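Work through the exercises below with the structure open beside you. Try each task before you read its solution.

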Amino acid sequence: MRLKTLTWKQETKNQIVPLVMDFLCKNLKKTFIRKIGFPYRFYKKIDDRSYSVYETNKEFEEKLRKRCNKDKKFLHKIFKQQYKDAKLLKDTAIRISRINHTNSSNEEIINHFKEVAFAMGNASYAQFMSLPRAPLLEGIIRKQLEKRINNKQKVDKYFRVLVNSKKESNTGNAQKELLKIASSEVSKEKVKEYVEKYGFLNVKFGYGETYSYEDIIKRIEFLKKEYPQKKLELIKKEEELLKEEEKRIVKELNFDKEFIDIIELAKENAYFRTFGLENYSYAGWILTDFYKEICERVGLSYEELFHLRIYEIIDLLEKRILIKERKKLFAYLYLDGETRIVTGEEVEKWVEKEELDQTKWFFKGTVASKGNVEGTAKIIKNKDDLPKVLPRDILVAEFTTPDFIPAMEKASAIISDLGGLTSHTAVVSRELGKPCIVGLGDASKIIKDDDLIKIDTDKGTVTRKLNLEKLSTGDYKVTLTMTLFMNGFVKEQKKVIGYGHDNMIVIFNDARTRFYMSPKELIEVGNLVISKLEENPNYANEIIAQHLAVGEELLSTCRNIHNQNLKKKSKKELCKLLINYFKTFEKFSGYHILPVSLEKQMAKKVREYLERKTSDVNDKLIALSTPIKETDNTREKRDLLKIVIYAKKNNSPAEDKQILELLKKHKEKHEWMAVAHKYTPYPLEHYISELKKELSKNPEEELEKLNNRPDEVEEERNKILSELNLPKNIKLIIDTLREFTFMRDFKRNTGYRSHYYMQNMWLEIGRRAKISVEEVKFCTPNELIEFLLGKKKLNKEISHERKKYHIIVVLNGKMKLLMGKEAKEFEKAQIGEEKVEKVDSLKGMPACKGYAKGRVKIVLKPEEITKVEKGDILVAVNTEPAMVPAMERAAAIVTDEGGITCHAAIVSREMGKPCVIGTKVATQVLKDGDMVEVDAEKGIIRKIS
């Protein structure tokens, strides 16, 4: 009998919708044949209509009985297969639900939908299988009972006990949990947890809405009137009684193993009927977002979708206009008189791909209405974006239409990519009296929401103003390493913490660098890590462990290059080594800026708390954040003191042969510390000179101070912690700040070591390119790779020009190198002139307490440290390991930059030298020879006559 239609007999008001029917029945015959070996006819004809009914099919039941008689383990195998198929359905649903389908093509959606349909159909036979299997198994049990018991009521009673499932379904567990909730004080959290756990049970056959919070509240209100505690106790009591009763029946009737096996199969069958339905419900629930994605694409509601059949949905996905895709992007084609609309990837075939320069910061167009304005940009693509525009914002659009007018009225100015003087944008802006520039080309695609932009209608220009602050000023940084660093800040840091820096500038000028970053991005990084730390107190340790491992990976890579005979390598072999170094250095750079970012936010958070607890906030903050881990500077000092003590004990002069051997080994171990971004290790004479100075002091006492310092730092820290009784979250931030203070020293020195080891590579490339090492370092990584691959020569003139002046810009995550006039215009527009007023006193932050008086010696490069004599005041933009000898001679240290975790702060505290950091302009206001007093108690530096 072939049926044209097939519907469920309506035994309840809950109709099973067509799509669910298709999932269940479309391939049911084939599935039964594939799984069981013969089909099950689950329908019968009544009048002129066909219904699926819950009744056994005698023909199927007889075939099943014969198969079971032939293979005693047949039903066991079927049950095993059914659970496997149920798991496949669940796993398929979970896997597909985890895919972000908003970016999937229609073909991918169709394939996933077919997978769902297959998994649903593949599991559906098991649900129908429960119907004929039940009378088969239950018939055997009942017959056995009737043979042994004459009393029908007793047979019925024993039967109910024996076929009752031992396994607890989700439905049963859900009921018990709801009774528990109703038995106690109801809280929102408990109800929400319940809904999250069991809400899917309302999704019948995988279709429908989950239980809502309100649904469960209503059920709880009802249950509260039904004595839920007693009901729960009764359920548990009945369960225990059933278990005991079953044991008693089995013992009383002395069933054999074969019959007990039949009973267990009947129990399994009873459990599976509920389990199968729950599995469908779970799959339907977890796939809700997937179904809704299909709904959005075909323009139907969730309910309408489930009233279609499988092939109809596939047809719609293949043929129907994709509204969602059109909202994103479409091309209207007019070809030879024919019109056509294409969407998605097909647009690329017809529309020329637009390559946008995301580093563009300057736009020129046609002035439509006069007026110069600075304001925040708001990008308007359609009318849904219009509410974004607030008074004083600048409206930025591809072009405007009449529905934009309410927003144009609010805006302080209007700019557009397209249009001329008679365009809608120009006409309306003049009517409204709003400054306007049109015809800017690609401004709306490059400028971002909330960018600060400046409109100059005198020149017809729009300038994207970067909200960046100077983070640091360095000596002699070079193009090569700064490019690698910046790539690391953008890409690799995102891999580490999930957030990278998309906007920054480095200005190279006369062998000096100024590094500017977005304060907003730095704050975001700090806040992000603090929030992750709150979720996982061990998060900072995990990051630090990763940083240490990556640092060792970098040093291992560089040592490997250092130890090879590079002269014998081919250019391709050198290129391979170099690319590996670049990748590792960028990976290392992903952690480089984190300590700076975190210091700002973490120190701020701790400072705000300490201000409520104590008056000497700065002293306590410094003491709490001072690391006890030994720095490389301390390690070098200790090693030198040991040689000094040995020389003194043996009354050996510095020129003694044995002492010189010890100093040579010391130099080999520590000479990298004099290396910044160019190769200038100290000569042996430097170490001889340092040894002679220490011989005139008390080296034993100096060494004892170094050894005792960690205990003294820890003792002071513990005393403060005990006194303040800080909460766990603040203590955790302090501990993290302390660890990252040490990491600043680690990452800096690891970088210097890598530069030291890479010197042979730069020498070899310079030899082959016939340029100096310094000229090699003012090349970009790509230029070096192209040279080694034979694609491009290295241009020494460009390197010389870069050494004098150039800028590396990262805008919207894209990097660009500017030189000459373009660089000067960019700096003028973005940075302007930094004016410094002449003053007689400066204020900074005390990093190490104390007082000193002396003559200023400005140190801008490591080469200038020789001018610092004992008792001078060392004044620098910031300090680095190469300056340590001068810092030891100085009476006090003053810097323009730095925070409580900077190099100057760490080393000055190790040395016990008065230190004031963060004065901003000390190197510009003071000059060599000025007599000053440094009050590191108050953070003040005064000129004195």
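A salt bridge is a side-chain nitrogen of Lys or Arg within 4 Å of a carboxyl oxygen of Asp or Glu. By this rule the count comes to 55 salt bridges. Keep in mind that the model is a predicted one.

**Exercise 1. A bridge between two helices**

Task: Find the salt bridge of Arg753 and Asp632, and say which helices it links.

Solution. 
Step 1. Check the distance. The N to O distance between the side chains of Arg753 and Asp632 is 3.3 Å. The cut-off is 4 Å, so the pair counts as a salt bridge.
Step 2. Place the residues. Arg753 is in helix H30 (residues 728-757), and Asp632 is in helix H26 (residues 632-649). They are 121 residues apart, so the pair links distant parts of the chain.
Step 3. Arg753 has a relative accessible area of 24%, which makes it partly exposed. Asp632 has 12% and is buried.

**Exercise 2. Two further bridges**

Solution. 
Step 1. Take Asp735. Its side chain meets that of Arg717 in a salt bridge, at 2.1 Å from N to O. Asp735 lies in helix H30 and Arg717 in helix H29, 18 residues apart.
Step 2. Compare with the cut-offs. Buried means under 20% relative accessible area, and exposed means over 50%. Arg717 has 5%, so it is buried. Asp735 has 26%, so it is partly exposed.
Step 3. Turn to Lys697. Lys697 is partly exposed at 41%.
Step 4. Go beyond pairs. Lys154, Glu245, Arg248 and Glu252 are linked in a network of salt bridges.

**Exercise 3. Charge on the surface**

Task: Which residues form the positive surface patch, and which form the negative one?

Solution. 
Step 1. Start with the positive patch. Lys364, Lys454, Lys459 and Lys828 gather there.
Step 2. Look at one member. Lys364 is found in strand S6 (residues 362-364). Its relative accessible area is 55%, so it is exposed.
Step 3. Now the negative patch. Asp711, Glu712, Glu715 and Glu716 form it.
Step 4. Look at one member again. Glu716 sits in helix H29 (residues 699-724). At 44%, Glu716 is partly exposed.
Step 5. Apply the patch rule. Members need over 30% relative accessible area. Lys364 has 55% and Glu716 has 44%.

**Exercise 4. A covered strand**

Task: Which residues of strand S9 lie on each of its two faces, and are they buried or exposed?

Solution. 
Step 1. Recall the pattern. In a regular strand the side chains alternate between the two faces of the sheet.
Step 2. Sort the residues of S9 (residues 394-397). Ile394 and Val396 are on one side, and Leu395 and Ala397 are on the other. All four are buried, and both faces are covered.
Step 3. Find the neighbours. Strand S8 (residues 373-380) runs parallel to S9 and is joined to it by four bridges. Lys378 stands opposite Leu395. Strand S10 (residues 413-416) also pairs with S9 in the parallel sense, over four bridges. Here Ile394 stands opposite Ala413.

**Exercise 5. Parallel or antiparallel?**

Task: In what sense does strand S21 pair with S25, and in what sense with S22?

Solution. 
Step 1. Take S21 (residues 851-858) and S25 (residues 931-935). They pair in the antiparallel sense over five bridges. Arg855 stands opposite Met931 in S25.
Step 2. Take S21 and S22 (residues 873-876). They pair in the parallel sense over three bridges. Lys857 stands opposite Leu874 in S22.

**Exercise 6. Positive phi**

Task: Where do Asn651 and Lys920 lie, and what is phi for Asn651 and Lys920?

Solution. 
Step 1. Asn651 lies in the loop between H26 and helix H27 (657-670). Its phi is near 55 degrees, a positive value in a residue other than glycine.
Step 2. Lys920 lies in the loop between strand S24 (915-917) and helix H38 (922-925). Its phi is near 75 degrees, again positive in a residue other than glycine.
Step 3. Check the exposure. The cut-off for exposed is over 50%. Asn651 has 71%, so it is exposed. Lys920 has 65%, so it is exposed.

Notes
Residues are numbered from 1 along each chain as its sequence is written. This is a predicted model: local features need pLDDT of at least 70, side-chain atom pairs count only at pLDDT 80 or more; totals for chains, interfaces and linings use all residues. Side-chain values use heavy atoms; hydrogens and water are left out. Patches are made of residues with over 30% relative accessible area and no salt bridge: like charges are joined within 9 Å, nonpolar side chains (Val, Leu, Ile, Met, Phe, Trp, Tyr) within 5 Å. Accessible areas come from the Shrake-Rupley method with a 1.4 Å probe; for residues, only the protein chains shown count as cover. Lys and Arg count as positive and Asp and Glu as negative; His and the chain ends are not counted. The place of a charge is taken as NZ of Lys, CZ of Arg, CG of Asp or CD of Glu. Buried means under 20% relative accessible area, exposed over 50%, partly exposed in between (1.4 Å probe, protein chains only). Two strands pair if DSSP finds at least two bridges between them.
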